Amino acid sequence: MKHKLLIIYLLALLLSTGCWDINEIDRTKFPTYITIDQAEKDNFLFSAQFPIVAEEAPEETHIISNIAPSLATGFKEIQTRTIGWISFGMLSTIIFSQELAEAGLQEHIDALWRNPIAPGSLVLAISSERAENIKNIEIASRHEIGEYLQFLFETTARNSLLPKKTLNDFFTSFYIKGRDPHLPLLDYGTNEVDIIGTAVFQRDQLVGTLEKKETRALMLLQHMYSKGELSLEVEDYMVNYYVQEAATKLTPYYEDEQLNIKVDLELDVDLTEFTTYERIIDNPQLLEKVEENLAAALKKESHILFNKLQDYQSDILGIGQILKSEHPEDFDAATWHQDFALASVNVSVEVNLRRLGISS
Amino acid sequence: MWDKIKKFFKSESKKIINRLNLDSHKKINENLKLNLNYIKDNLAASSDLVFREFYIGADKNLAAQLIFFDALVKDELLQGKVLKPLMLEITGNLEQTEIKEQVNDTLTELSIPISGADIITSLEQVITEILGGKAILLVDQVDKAFSLDVRDWQGREIDKPGIEASTRGPQEAFNESLQTNIALIRKRLQDNNLMIEIDNIGKRTNTELAITYIEDLAEPELIDRIKYRLDNIDVDGILEIGQINQYLSDNWLTIFPLFQTTERPDRVVGNLLEGRVVLMIDGSPFASIMPTTFVQFYQSPEDYYDQFYIGTALRILRFAAAFLTISLPAIYISLVSFRHELIPHELAISLAEVREGVPFPSYLEALIMEISLELLREAGIRLPGPIGETIGIVGGLILGDAAVAAGLVSPPMVIIVALTAIVSFLIPNYEAAVPLRLLRFPMMFLAASFSTYGIMIGWLLILIHLCSLESFGQPYFAPFAPLKWSDLKDTIIRAPIRLLSKRPLSVPNQQQDRQDRKGEDPNEME
Amino acid sequence: MRWSEIEKYQISNQQLAFIIIQTCVGMGILSLPRVMAKTAGQDAWLAIILGAGVWAVSLMFIYLLGRRFPQDTIIQYSDYILGPYLGKLISFSYILYSTLTTAFIARTFVTVLATFNLPKTPISVTLIIFLLTSYYLVGHGLKTLARIYEFLFFVLSPAFILLLPTFFAVNWLNLQPVFQIGLTELVDSTYETMFSYIGPEIVLLIFPFIKKQDKVLASSLLGLAIVMLTYLFITVIGIGFYGLLPLQRILWPTVTLLKAIDVPFFGRLEFFFIFLWIAVAFTTVSSYFYMASYSLTQLLRFEDQRYSGLFLLPIIFGLAFIPENVLEIFNYLNFIAEFGVVLTLLVPISLLIIAKLRNIKGADQNEA
């Protein structure tokens, strides 16, 4: 009898387990992007786009905005205005306005970083105008701006020298000593979104921006595997290079109490456009010239980049981290930003032209 | 505790009273009348029981009786080979003493040209022999009986395998006659060590049972254990080998088949060659292989006949199919109702779109669809041939389509259900596929309650159960657990045939080597 | 112990290695990188190797003790060595320790599960399902336990293959400069790693059931080495990927690591990892549950650990609810880990010395 009771108890236990966590997919709302803007008095404007799944619905997407003091609070209120549970599981992009970023981002990303469902590969970006204006853009190719943004970052980061930064990247470079975060900077057009450069941060506050040319220097100095097109105007013609591989060595060292940063950049490039009548194939001088033109241009761009970064006192290249790992006694986290600003930078660039395309 | 639960389920077993509860030592009397009376008393007076009274010798001076069941014997044999020689060809006055001597000497001198003839002495045996379809010859003045094998049992011809069809390999299957089945094995395995021990089982059915093994391969201890457990079966009737399997099982509450039954003689021979023991009974077209491991159900004889790439690829497919049969609906439920993040974004949106308007939660939807699938499948088996095949198509296509059109279920659910149905057919063994089909219901239930956690708990329970099972003391889940490295080459993968030079360790056997690696190089010549 | 019982539960040496791996690797793998980053900094790998070294020494003593009493478990020979009263105290503390460990590890498990998987399901429900599954395993005895651990090792290894992409994204700068750690910090952090290694004490209980007793040390050290490699792997990629300071801000770094990897189509590797980790945690909890129930069986001379398991089940369930939050869970885990270190390091050594001094030996296995 005892055993009979035990079995009945176990069965009852199994049957009594409800489905507490069930959220049917058609009863769930997935915001695809969120924009955050400054609103009045310590409040922020949160705006999110939800795809609408019902076929007979008049619109394909639904944009809901709310003014609240924080992201979680904002979405708690949005929840009461929408049908279906709001899940951050498919969130792909968050856009902050530049104004907001200048005040600091840490408080806004905390809710997402703490949320186990929000993906770590969530892309962060800064818009040069108010971020919510993105809803006014009429994208030609897609109904959903969120989906458009996702593909935009995915393909642009792969094919050009422009950054794509995730929540995880931001979090890591924010907390690590001797490194500052940076995010892509967006500009809204009427029919599209354009990545125009880089927003540079000191800790979590935006301190300046970089233009496309500095951004490409930054990408080459940062990533070994960055691939993309570089165009250069030489005299009266255009040269386009495709970067196959970039090998960078950043060496910070102290000499006579002075911080020096030695930058060695070596590039393997293909030639994709060369708008003159001259032929490279039997002209070694021209080949050298083509290489040197690029080297000189990149050297100049790198110097501009370093000047700007030193102006902003932001070490987005992580030179402090290198110094800390190689000469830990020379690194002082408290004064690092000032030390970096006073460093003297020495850039040397070497370009190797590998292929010419199919024209000689 | 499980022992207690088993005891709780187990009813008090009562000794079955044998109807043939005869005095087994009662000898045949010299007096024919007494013997006949005894037989008539103990054998129910069926109308198909024939007592043919006649006299041996043309001079009609020695009374004899031929007793048999009308339906079981071949009349021509009895007439031509028994009655005719006895009645007509023996001449002269037969003295009583002479007869006795003749009988005591040999049967041939009684002039019965029949190969299967025995002399028996006890009356109990007389009755069992009659029941077994033999004709009994009782002669007056003689205290012995002659059991004549003139049986003529109707049965099927050797047919193609019905449920274990294979593209490659022999197309013969066992049938209901034990003699035929033994012949099919002997034909393939002409080994002087092949032992076939025939015993009877079932108090009332008295079914013939053959224990088959290769004497110098099979572990004697295993054979003893099988015989011991067979001896302990005390039941009135055995109709199919599956019943014996249930009696012999180490764990009779398990859902998994602990012994493999097969209708393919080549599979039986293959298993005999690995040192296993095969049981067959008369009246069942299946042989039962013991001990069995879990992986055996996912192996098909043709794996060994084809090149190993093909065998390996097919086996990987089968294991994947087994996994999907159990967990596909559960995975679908946990994705659609819990873990949407795991679905790619575009797919998630379209899933949500098609699910919009379906009244049931996805687990209920899955449950309804899976149950209807099982209904259809069961109906397909019961319906006569061509209709059975049609019902699958009609049910699958029309019902599924109509359900989607009516908005009762979503199209992805139909895809999932159809897939589970298809993958469950990949498992080459019917009795191994059925438990998996059943297990997917608790799995769906767990997934609906606890999503991926439930699926993992479900799998853990299944795996723990599999690891705890033993088939005649041999670990059922070997060679995975306990891990036997050398056996792994014939499990999920099927290694090239030259590498399979050892018999599997998961089956106890007396000889490890099964092939000589000599001649690996085809150009090598002595 | 009776030979029939030893034979009933006999396991192979290979299985012993798997038992040690599955018992040790459990809760630790989720939080170890964070703990190590805090105490040892970038030299965490050194502390992990040293920690394994200390455990190897401890395993040697356990082995020597086991060879001295080849047919008995710690519950039995502590009686012979220390007399019935003190011996019972030792046995009781082992039972208490393993019961508490089962409870707190199970609690940590449901907490992580509630965080990542089932936020709205009451933890009492997930806990009872978990414990019942574990009880089902424990009820089958050591043989089944060993078999399933063996099998699960190969099923669960993909969990670590999932982490491989992060390995290629490791920033080696984060692990430099090496050998910056001070001696006191090294001792402290080595002590800290030892908590993650608790688990080999199961050998004290299962020693009589191992087939080749002379090779126990080799197979258990092999198990320990694999545990060490696992820990090294996750700590190195944890520190290397995140760096010391960000790592300390992540509660379960090993899971969060996977959030960072962007894999096309299968975007969310952390959920696959959690899915497989359920089984990893299950094996750890089952080991301790087995230890608790089998020691209790031996102490009270039950015929089967099913009864003692049934008795312990509600106790473990109740104990699991003592910690009120994650912080307290970690405190309690540290407390039982210290308890475990004492029981696994100090007790076997002292027992061995006393046994040598008093010249007490167990019956030989061959004589049985």
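User: In this predicted model, which residue stands opposite Leu138(B) in strand 4 of chain B?

Analyst: The residue facing Leu138(B) of strand 4 of chain B is Gln65(B). Strand 2 (residues 62-69) of chain B and strand 4 (residues 135-139) of chain B run antiparallel and are joined by four bridges. In a regular strand the side chains alternate between the two faces of the sheet.

User: What packs on these strands, and at which angles to strand 2 and strand 1 of chain B?

Analyst: Helix 2 (residues 32-42) of chain B lies across strand 2 and strand 4 of chain B, at about 15 degrees to strand 2 of chain B. Helix 3 (residues 75-89) of chain B also packs on the sheet, where it touches strand 1, strand 2, strand 4 and strand 5 (145-148) of chain B. The direction of helix 3 of chain B makes about 30 degrees with that of strand 1 of chain B.

User: In what order do the five strands of the open sheet in chain B stand?

Analyst: The order is 1-2-4-5-3, with antiparallel pairing. At the edges are strand 1 (49-56) and strand 3 (117-120) of chain B, each of which pairs on one side only. On average, neighbouring strands of this sheet are turned by 25 degrees against each other, direction ignored.

User: How is chain B divided into domains?

Analyst: Chain B has domain 1 (32-148), domain 2 (178-304) and domain 3 (306-468). Taken over C-alpha atoms, the centres of domain 1 and domain 3 of chain B are separated by 64 Å.

User: In which direction does strand 15 of chain A run relative to strand 14 of chain A, parallel or antiparallel?

Analyst: Strand 14 and strand 15 (residues 344-355) of chain A run parallel, joined by eleven bridges. Here Asp264(A) stands opposite Ser348(A) in strand 15 of chain A.

User: Where do the two domains of chain A lie, and what forms the contact?

Analyst: The domain assignment gives domain 1 (24-210) and domain 2 (212-360) of chain A, with C-alpha centres 31 Å apart. The contact takes 21 residues from domain 1 and 29 residues from domain 2 of chain A. On the domain 1 side, strand 10 (193-202) and strand 11 (205-210) of chain A each supply at least two residues, and strand 10 of chain A gives the most, with six residues. By class, that side has ten nonpolar, eight polar and three charged residues.

User: How is the packing of two helices described, as for helix 3 and helix 10 of chain C?

Analyst: Two packed helices are described by the angle between their axes and the distance between the axes. Helix 3 (residues 28-39) and helix 10 (residues 183-197) of chain C pack at about 170 degrees, with their axes 10 Å apart. The angle therefore makes helix 3 of chain C roughly antiparallel to helix 10 of chain C. Gly28(C), Leu32(C), Val35(C), Met36(C) and Thr39(C) in helix 3 of chain C meet Glu185(C), Asp188(C), Ser189(C), Glu192(C) and Ser196(C) in helix 10 of chain C. The residues of this contact divide into three nonpolar, four polar and three charged.

User: How many residues form the contacts between chains?

Analyst: The size of an interface is often given as the accessible area lost when the parts come together. Counted in residues, the contact of chain B with chain C takes 24 from chain B and 28 from chain C. Helix 16 (residues 430-468) of chain B supplies the largest share of the chain B side, twelve residues. That side has 19 nonpolar, three polar and two charged residues. Between chain A and chain B, 20 residues of chain A are in contact with 21 residues of chain B. The chain A side divides into nine nonpolar, six polar and five charged residues.

User: Where in chain B is the pLDDT below 50?

Analyst: Where pLDDT is low, the predicted coordinates should not be read in detail. In chain B the pLDDT is below 50 over residues 8-21. Chain B averages a pLDDT of 83, and among its elements helix 1 (residues 2-9) of chain B has the lowest mean, 52. Chain C averages 88, with 98% of the residues scoring at least 70. For the complex, the predictor gives an ipTM of 0.94 and a pTM of 0.90.

Conventions
Residues numbered from 1 in each chain as written. Chains lettered and ligands numbered in written order. Predicted model: local features only at pLDDT ≥ 70, side-chain atom pairs only at ≥ 80, totals over all residues. Pairing = 2+ DSSP bridges. Axes fitted to C-alpha atoms, helices over the stretch in contact; angles between N-to-C directions. Parallel < 35°, antiparallel > 145°, perpendicular 65-115°, else oblique. Contact = placed C-beta atoms within 7 Å. Nonpolar A, V, L, I, M, F, W, Y, C, P; charged D, E, K, R; others polar. pLDDT = per-residue confidence, 0-100. Domains from an automatic or database assignment.
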